[in-house]
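The sequence and structure come first.

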Amino acid sequence: MSAEAGQQHPLGIYYKIWILLFVLSSFSYAVDFFEVQGGMRWALVLLFMVLKAGFIVAIFMHVVWERMALVLTILGPPVVLLLLIGLMSVEGFYISGTRVQYMGQDPNQVALTPSDLHGGGHGEEEEHAEEEAH
Amino acid sequence: MSEAAISESNSTLVDDWSADKQAYHVPWGKAMMWIFLVSDTFIFTCFLTSYLHVRLTTTEPWPLQSEIFALSFGGDPIPLILIAIMTFILITSSGTMALAVNFGYRKDKVKTFWFMVATAAFGASFVGMQAFEWSKLILEEGVRPWGNPFGAPQFGSIFFMITGFHGLHVTAGVIYLLTVAFKVKKGHYDKKGYEIVEIAGLYWHFVDLVWVFIFAFFYLL
């Protein structure tokens, strides 16, 4: 296929990828909905994220059909970003550690949620919403 | 360096850059769009990396996204439901955009126009939901860029910066898509060819791509 002719492909592949993206997004949401936690949560969320991103770039953005010179220009430079992410996470863990160790901060505090702040029960929240509606 | 050497190096410089060479065998607009998207990748990655860094370094607890972005439709609040709907809307719009590109290359102006308009409409509804999400967070929950009632104050600054910048991209994309769509309808590209639809599509898919990462890192993890 010559590049000058443009990126024309059968419609079927777009429909398939489209459905696949829906399925993968549902899986991602299911991870949150069923409250999967810990390492499993990270593994699943990152897996579905990478798959989704890969299909969008490869098929919807046609990178899989482009010539190597363009593909490397697109995918090459962002690789250095992995270095930035790696360095910043090493640094981040270190700073967090020093704050706990030398400044006595408690790393195990629990965040508040909207229901803590609005008085707990869901019933009250609804009343609150009704009041605002009037 | 002697004057002759300088003049020689100048002429080789000119030769190299003015030689009849083409590295990318794609329309120039497409190559430029890709270069823009690569630079935009760097911007968004810097934002996400700064998020990674503040979230790691703060010893205050990070607010629970799943509860904060829950929405109630009369019954119990469903965790993260608005964000899930926004994600599905953006994927739907990516699909309609891919179809628009395909019909563009088939020179089917009517279908290209309508699929682009549909894509822009999905994009606009995404921005609308984001506006709703922002106003709920600002007015009802009291989240500010410098603090919030739940936990680490950085939550607000990161949230407004990342989703705000992404929302700006979506808004710009809606305008861009509508502009191209109406030009397609008027027949501006009958002679030039329909690469412009693909180029606009690249931008739109990129916006969807960024959301994939925001959805995973900011909302799910």
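The sections below take the two chains in turn.

## Confidence in chain A

The model is predicted. Chain A has a mean pLDDT of 83, and 84% of its residues reach 70 or more. Among the elements of this chain, helix α2 (residues 38-60) of chain A has the highest mean pLDDT, at 94. The lowest, 45, belongs to helix α6 (residues 122-133) of chain A.

Over residues 121-134 of chain A, pLDDT stays under 50. For that stretch the model has six contacts beyond four places in sequence. Where pLDDT is low, predicted coordinates should not be read in detail.

## Domains of chain A

The domain assignment of chain A gives domain 1 (8-75) and domain 2 (76-106). Taken over C-alpha atoms, the centres of domain 1 of chain A and domain 2 of chain A are separated by 27 Å.

## A helix pair in chain B

Two packed helices are described by the angle between their axes and the distance between the axes. In chain B, the axes of helix α5 (residues 109-140) and helix α6 (residues 154-186) come within 9 Å and cross at roughly 160°. Angles over 145 degrees count as roughly antiparallel, and α5(B) and α6(B) are therefore roughly antiparallel to each other. Their crossing is left-handed.

On the α5(B) side, the residues making the contact include B:F113, B:M116, B:A120, B:G123 and B:V127. On the α6(B) side they include B:G167, B:V170, B:V174, B:L177 and B:A181. The residues of the contact of α5(B) with α6(B) divide into 14 nonpolar, eight polar and two charged.

Notes:
Residues are numbered from 1 along each chain as its sequence is written. Chains are lettered from A and ligands numbered from 1 in the order in which they are written. This is a predicted model: local features need pLDDT of at least 70, side-chain atom pairs count only at pLDDT 80 or more; totals for chains, interfaces and linings use all residues. Axes are lines fitted to C-alpha atoms, for helices over the stretch in contact, and angles run from 0 to 180 degrees between N-to-C directions. Helices (H or I, at least four residues) and strands (E, at least two) are DSSP runs, numbered from the N terminus. Angles under 35 degrees count as roughly parallel, over 145 as roughly antiparallel, 65 to 115 as roughly perpendicular and the rest as oblique. A crossing is left-handed if the near helix is turned anticlockwise from the far one by less than a right angle, and right-handed if clockwise. Two residues are in contact if their C-beta atoms, placed from the backbone, lie within 7 Å. Ala, Val, Leu, Ile, Met, Phe, Trp, Tyr, Cys and Pro count as nonpolar, Asp, Glu, Lys and Arg as charged, and the others, Gly among them, as polar. pLDDT is the predictor's confidence in each residue, from 0 to 100. Domain bounds come from an automatic or database domain assignment.
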